[in-house]
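Here are my notes on this one, point by point. Have the model open while you read.

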Amino acid sequence: KCDYRLVVDNLMDLTHETFVHGSSIGQRAVAEAPFVATHGDRVATVTRWMENIDAPPFWAGQIRHARGYEGKVDRWQICRYTPPSHVMIEVGVALAGHGGYEAPKDKKVYSIVVDFITPETETSMWYFWGMARNFRAQDKALTAQIREGQGKIFAEDLEMLERQQANLTRWPE
């Protein structure tokens with residue numbers, strides 16, 4: 001129950017992970033790392049690179065189980081917005097010092113998340129998403145665990161977005 005553009009903002013600026021998703025994908029490093037915003041004729045992109053950091057809980061667990069690694073990581077977030085309402089996000093971590101995003105596949109874990117936001121009214125929308133990952137793809141239990149975790153993350157976003165919309169409706173100026 002919010003303007004679809006609030007969701008686009010949410011997905012393009014992952015700084016909010018630090019404050020809204022601290023128990024899963026968020027961490028102080030996200031808010032502290034600089035980002036670069038670029039755009040072309042049809043796509044706007046926001047990238048953020050974090051080197052030699054501790055992984056947040058979700059990513060620490062994934063790289064430990066998929067690669068047997070515990071330690072510092074290089075983390076990335078690449079958000080691509082294609083108007084009017086599609087966002088694709090590449091996120092992941094690699095063993096620190098192995099090239100980050102460009103690291104060999106056996107040194108990293110990552111996901112691609114596709115988000116489709118469809119306006120319904122001026123203050124409501126439909127949200128559809130999908131996720132592909134490069135680690136333990138055949139592990140059905142992990143898929144169920146990630147789906148459940150994403151549900152909790154989306155519930156945190158939902159509360160924040162609906163409160164933002166309520167404030168905008170109450171104080172439109």
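1. The charged end of R133 sits over the ring of F135, 5.8 Å from the ring centre. K108 does likewise with Y101, lying over its face at 5.7 Å from the ring centre. (A charge counts as over a ring if NZ of Lys or CZ of Arg is within 6 Å of the ring centre and within 35 degrees of the ring normal.)

2. A word on the basis: this is a predicted model, where local features need pLDDT of at least 70, side-chain atom pairs count only at pLDDT 80 or more, and totals for chains, interfaces and linings use all residues. Numbering runs from 1 along each chain as its sequence is written, and side-chain values use heavy atoms, with hydrogens and water left out.

3. Back to Y101: which aromatic cluster does Y101 form with W49 and W76? W49, W76 and Y101 make up one cluster, where rings of Phe, Tyr and Trp (its six-membered ring) pair if their centres lie within 6.5 Å, with planes under 30 degrees apart stacked, over 60 edge-to-face and the rest tilted. By this rule there are six aromatic pairs. W49 and Y101 are edge-to-face, 6.0 Å centre to centre with 75 degrees between the planes. W49 is in strand β2 and Y101 in the loop between β4 and β5, so the pair ties together parts 52 residues apart in sequence. (Strands are DSSP runs of E, at least two residues, numbered from the N terminus.)

4. As for W76 and Y101, their ring centres are 5.7 Å apart and their planes at 90 degrees, so this pair is edge-to-face.

5. On accessibility, W76 is buried at 1%, while W49 is partly exposed at 43% and Y101 partly exposed at 27%. (Buried means under 20% relative accessible area, exposed over 50%, partly exposed in between, with a 1.4 Å probe and protein chains only.)

Note on methods:
Helix = DSSP H or I, 4+ residues; strand = E, 2+ residues; numbered from the N terminus.
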